[in-house]
Amino acid sequence: MNFILAHEVARKRAVSAVAQAPDGYVVTIKEPTRNSEQNALMWVWLEAFAEHLEWPVNGRMVHMTKEDWKAVLSSAFRKETARLAMGLDGGVVMLGASTSKMGRREFAEFIEFIQSVAADRGVTLDRETA
């Protein structure tokens, strides 16, 4: 059962549900995750990076996919604190750089970060969403 704490009635229903829940149940209160507008804007902007910038990959300058740019930018946003693991066949896998679990506030900061990086790198971002 999920409750969006948008008004007093919703809060009362949530309190009632908690009071009636059996022992051992878990209650989590968290900020909502990114919204669909933020998500769509991110993918439009990642496409701009994919189209306009080359980046060093395995020693060569290449155009990366928007998914690759998402990994690079989200890692940089988190101050590149993601961990690297060895892949099953000797490659490298980045761990912990997912944006899907970001709350709306943190995701909004990530969107601002993308704008800043785009400005620094000469990438023109379209404000329209898909």
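**Note on the predicted model: pockets, salt bridges and surface**

1. The largest pocket has a volume of about 860 Å³. A pocket here is an open set of points on a 1 Å grid over the protein atoms alone, where a 1.4 Å probe fits, with protein on both sides within 12 Å along at least five of seven lines. Grid points are joined across faces, edges and corners, and the volume is the space filled by probe spheres set on the points.

2. Some ground rules. This is a predicted model, in which local features need pLDDT of at least 70 and side-chain atom pairs count only at pLDDT 80 or more, while totals for chains, interfaces and linings use all residues. Residues are numbered from 1 along each chain as its sequence is written, and side-chain values use heavy atoms, with hydrogens and water left out.

3. By class, the lining has 15 nonpolar, 4 polar and 4 charged residues. Nonpolar covers Ala, Val, Leu, Ile, Met, Phe, Trp, Tyr, Cys and Pro; charged covers Asp, Glu, Lys and Arg; the others, Gly among them, are polar.

4. The second largest pocket holds about 620 Å³ of space. It is lined by 22 residues, and Trp55, Pro56, Met64, Val72 and Met94 are the closest to its centre. H3 supplies the largest share of this lining, 7 residues. Strand E1 (54–57), H3, strand E4 (92–95) and H4 each supply at least two. The class count is 16 nonpolar, 2 polar and 4 charged residues. Helices (H or I, at least four residues) and strands (E, at least two) are DSSP runs, numbered from the N terminus.

5. Val27 is found in the loop between helix H1 (8–20) and helix H2 (36–52). Val27 is exposed, at 55% relative accessible area. The classes are buried (under 20%), exposed (over 50%) and partly exposed (in between), with a 1.4 Å probe and protein chains only.

6. How many salt bridges does the structure hold? There are 3. The criterion is a side-chain nitrogen of Lys or Arg within 4 Å of a carboxyl oxygen of Asp or Glu.

7. Glu31 pairs with Arg105, with the closest N and O atoms 3.8 Å apart. This pair links distant parts of the chain, 74 residues apart: Glu31 is in the loop between H1 and H2, Arg105 in helix H4 (residues 104–121). Glu31 is partly exposed at 31%, and Arg105 is exposed at 57%.

8. Glu47 forms a salt bridge with Lys66, at 3.7 Å between the closest N and O atoms. Glu47 sits in helix H2 and Lys66 in helix H3 (residues 66–77), so the pair ties together parts 19 residues apart in sequence. Glu47 is partly exposed at 30%. Lys66 is partly exposed at 28%.

9. Glu106 and Arg78 meet in a salt bridge at 3.4 Å, N to O. Glu106 lies in helix H4 and Arg78 in the loop between H3 and strand E3 (83–86), so this contact ties together parts 28 residues apart in sequence. Glu106 is partly exposed, with 29% relative accessible area. Arg78 is partly exposed, with 29%.

10. Check the backbone at Asn58. Asn58 has a positive phi of about 50° although it is not a glycine. Most residues other than glycine have a negative phi. Asn58 is placed in the loop between E1 and strand E2 (60–63). At 81% relative accessibility, Asn58 counts as exposed.

11. Finally, Gly103. Gly103 is found in the loop between E4 and H4. Is Gly103 buried or exposed? Gly103 counts as buried, at 12% relative accessibility. Gly103 and Asn35 are 68 residues apart in sequence and 9.1 Å apart in space, C-alpha to C-alpha.

Note on methods
1 Å grid on protein atoms, 1.4 Å probe; cavity = no way out; pocket = protein on both sides within 12 Å on 5 of 7 lines; lining within 4 Å.
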